Amino acid sequence: MDDTNTILKIDIHEPVHFNWSGLFVSPGKDWVHMKRRLADFELMVVQRGVLYIEDEHGRYEVHEGEYILMPPTQLQKGYKSSECSFYWMHFTPYLLDAYEAFTAPHEQIVFKPKYVTLPKGGALTSKDRVYILMQQLSDMEKRYLDVEANSFLATSVLCEIQNQFKYAAHQEVGKDTMRFEKIKDYIASHIAEELLVKDIAEHFGYNEKYLTTSFRRKYNISIKQYIIAAKIERAKFLLCNTNASISEISDNLSYWNVQSFSTAFKKCTEVTPSDYRNMYFKGLVNNV
């Protein structure tokens with residue numbers, strides 16, 4: 001389904017109250033969801049096809065392996081015919097107003113104990129786990145007529161969806177960090193070369209503008225500034241631990257000339273390379 005920044009936060013200090021559930025299979029390709037105003041929450045998880053449904057806030061295409069969670073009082077209706085099947089579950093928080101709807105980027109969602117917090121809709125990372133839980137819920141409802149047990153299981157369904165979302169977000173953050181760590185490792189291992197952002201972007205298969213924007217967002221520094229800082233750190237080490245001349249260090253780090261190297265060094269350290277070396281040997285600075 002289309003991404004949405006609408007977040008629903010439901011209080012589960014006590015389990016939600018289960019109302020009813022089931023598996024709906026459309027009678028044909030001309031089926032359209034009924035029009036009604038919801039009196040409670042409805043969770044719909046599409047098993048096959050596409051569900052076309054809307055409320056006052058927008059239209060949604062919910063595909064196989066995706067869910068949508070619609071809160072009470074909203075006007076719900078289909079807007080396009082389709083042949084589909086989906087699991088559905090109606091429930092109410094233990095207090096009718098024990099939920100909150102707000103708008104926020106997914107990466108800013110804060111998860112708290114005793115609450116289920118998840119986007120209004122999205123893709124499941126393990127759809128079969130949710131299918132099985134909802135099958136069990138439907139079976140328990142028919143077999144035992146135990147509302148209390150069903151309420152606990154209905155709450156478990158919501159927790160499962162939340163955990164899938166949390167895990168996916170965590171994995172994406174991990175992947176993002178690993179990608180940038182590889183870029184930083186590449187810069188470190190090629191520090192003696194002339195490092196251009198466009199070449200790094202090409203090496204890793206990124207658009208130059210995307211890489212620049214993403215790097216700054218993650219580290220609060222541009223990738224170009226990071227490269228300069230890394231070269232200056234290398235220069236500081238060479239100044240303090242070798243007898244290489246300023247010119248040799250400049251060449252070693254692929255600066256165009258000594259003057260451009262000295263200018264960059266002074267901009268970062270507020271002293272010239274020669275002054276830095278002298279200060280180190282006088283014990284006025286530490287080379288880390």
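**Exercise 1: contacts and overall form**

Determine what share of the contacts in the protein chain with a separation of 6 or more comes from residues 24 or more positions apart.

Solution. With contact taken as heavy atoms within 4.5 Å, residues 24 or more positions apart account for 72% of the contacts with a separation of 6 or more in the protein chain. The model is predicted, so that local features need pLDDT of at least 70 and side-chain atom pairs pLDDT 80 or more, while totals for chains, interfaces and linings use all residues. Residues are numbered from 1 along each chain as its sequence is written, and side-chain values use heavy atoms, with hydrogens and water left out. Turning to overall form, the C-alpha atoms fill a box of roughly 85 × 40 × 30 Å along the principal axes.

**Exercise 2: the cores**

Identify the residues with the most contacts inside the largest nonpolar core.

Solution. A nonpolar core is a set of buried (under 20% relative accessible area, 1.4 Å probe, protein chains only) Ala, Val, Leu, Ile, Met, Phe, Trp, Tyr and Cys residues joined through side-chain atoms within 4.5 Å. The largest has 27 residues, and Ile187, Ile200, Ile223, Phe261 and Phe265 have the most contacts inside it. Among the elements giving two or more residues to this core are helix H2 (147–189) and helix H5 (223–241), with helices being DSSP runs (H or I) of at least four residues, numbered from the N terminus; H5 gives the largest share, seven residues. Beyond its neighbours within four places in sequence, Ile200 is in contact with residues including Ile187, Leu211 and Ile223. A second, separate core of 26 residues includes Phe41, Leu43, Met134 and Leu153.

Conventions. Buried means under 20% relative accessible area, exposed over 50%, partly exposed in between (1.4 Å probe, protein chains only).
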